[in-house]
Amino acid sequence: PAVGVKDFWYYFAGIPQIPTSLLLEDPQLPFLSLADPRPGLLRSCRLLGIHFEELSFSDLAKPFDDRFQLPTSPFWFHHDDGRRNCDCRPDRCRGESAGDILVGTAMEGIFAFHHHPQVVVKDEYRIDLPGTVLRGCSAGCACLGVWGARAGLILGRDSGVANPGSGSLRVRRK
């Protein structure tokens, strides 16, 4: 069914203002994005045209630990493109996350890509998202890339292996 004006204004009313702390420019995390986790990861991927369900990962994503637990309502965040962590092991980047700058989660990654598609380069550069792991296998992490004609989110990236074609996304939500 078509989304009406009333539905749009109802949706729009649920979007928070950008927090004052995120209005300032941040040269380390130059991009600002909005994430809406309300539909869940599977439906958000569908809405954004990102392969996920097709890759058999429909309900297997979970936060690595409490640091990566996301708000349940829409939130703004600053992020980079992961290139600072290019060719670094995602588990090492995750372990070094401290303070208010953390590595990204799958939800943050899909919205970072949606707002700033240049964070990924087709068949050349992917973003690792070590804040999200495959349920029952915390040795891996999520990874978002564009292969062929479509973007895809996978949960099977080995977080113990560095890759010159990927880097861990860094984010700040406050």
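Trainee: Is Arg-170 buried or exposed?

Mentor: Please keep in mind that this is a predicted model. A residue counts as buried when its relative accessible area is under 20%. Arg-170 has a relative accessible area of 10%, and therefore it is buried. Its place is in strand β11, which covers residues 170-172.

Trainee: Which residues is Arg-170 in contact with, leaving aside its neighbours within four places in sequence?

Mentor: Among them are Gln-28, Leu-29, His-78, His-79, Asp-80 and Arg-84. The list also includes Asn-85, Ile-101, Leu-102 and Val-103.

Trainee: With which residue does Arg-170 form a salt bridge?

Mentor: The general idea comes before the case. Side chains of opposite charge can pair when their charged atoms come close. Here, Arg-170 is paired with Asp-80, and their closest N and O atoms are 2.9 Å apart. This pair links distant parts of the chain, 90 residues apart: Arg-170 belongs to strand β11, while Asp-80 is in the loop between β4 (75-79) and α4 (90-95). Asp-80 is buried as well, with a relative accessible area of 4%.

Trainee: How many salt bridges are there in the count?

Mentor: The count comes to nine salt bridges. One of these joins Arg-157 and Asp-128, with 2.9 Å between the closest N and O atoms. Arg-157 lies in strand β9 (residues 150-158) and Asp-128 in strand β6 (residues 126-129), so this pair ties together parts that are 29 residues apart in sequence. Both partners are on the buried side of the cut-off: Arg-157 at 10% relative accessibility, and Asp-128 at 0%.

Trainee: Which salt bridge does Arg-67 form, and how far apart are the closest N and O atoms?

Mentor: Arg-67 is bridged to Asp-65, and the closest N and O atoms are 3.0 Å apart.

Trainee: Where is Gly-104 found?

Mentor: Gly-104 is in the loop between β5 (102-103) and α5. Its relative accessibility is 0%, and it therefore counts as buried. Sequence separation and spatial separation should be read side by side. Gly-104 and Leu-169 are 65 residues apart in sequence, yet their C-alpha atoms are 5.1 Å apart in space. Apart from neighbours within four places in sequence, Gly-104 is in contact with Leu-129, Pro-130, Gly-131, Thr-132, Leu-169 and Val-171.

Trainee: Where does Gln-69 lie?

Mentor: Gln-69 is in the loop between β3 (61-63) and β4. With 49% relative accessibility, this residue counts as partly exposed. When residues up to four places away in sequence are not counted, Gln-69 touches Pro-63 and Arg-173. The C-alpha atoms of Gln-69 and Gly-131 are separated by 8.6 Å, and these residues are 62 apart along the chain.

Trainee: Which residues make the nonpolar surface patch?

Mentor: The patch is made by Phe-8, Trp-9, Tyr-11 and Phe-12, and its area is about 450 Å². Phe-12 has its place in helix α1, residues 5-13, and is partly exposed at 44% relative accessible area.

Trainee: How much space lies in the largest pocket?

Mentor: The largest pocket holds about 510 Å³ of space. It is lined by 16 residues, of which Tyr-11, Asp-36, Arg-38, Pro-39 and Leu-47 are the closest to its centre. The elements giving two or more residues to this lining are α1, α3 (40-48) and α5.

Trainee: Finally, I wish to read the backbone. What is phi of Asp-87?

Mentor: Most residues other than glycine have a negative phi, and most peptide bonds are trans. Asp-87 has a positive phi, near 65°. Asp-87 lies in the loop between β4 and α4 and is partly exposed at 42% relative accessibility. Asp-123 also has a positive phi, near 60°, and lies in the loop between α5 and β6.

Definitions and conventions. Residues are numbered from 1 along each chain as its sequence is written. This is a predicted model: local features need pLDDT of at least 70, side-chain atom pairs count only at pLDDT 80 or more; totals for chains, interfaces and linings use all residues. Side-chain values use heavy atoms; hydrogens and water are left out. Patches are made of residues with over 30% relative accessible area and no salt bridge: like charges are joined within 9 Å, nonpolar side chains (Val, Leu, Ile, Met, Phe, Trp, Tyr) within 5 Å. Accessible areas come from the Shrake-Rupley method with a 1.4 Å probe; for residues, only the protein chains shown count as cover. A salt bridge is a side-chain nitrogen of Lys or Arg within 4 Å of a carboxyl oxygen of Asp or Glu. Helices (H or I, at least four residues) and strands (E, at least two) are DSSP runs, numbered from the N terminus. Buried means under 20% relative accessible area, exposed over 50%, partly exposed in between (1.4 Å probe, protein chains only). Contact means heavy atoms within 4.5 Å. On a 1 Å grid over the protein atoms alone, a cavity is a set of points where a 1.4 Å probe fits but cannot get out, and a pocket is an open set with protein on both sides within 12 Å along at least five of seven lines; lining residues have an atom within 4 Å of a point. Grid points are joined across faces, edges and corners, and a volume is the space filled by probe spheres set on the points.
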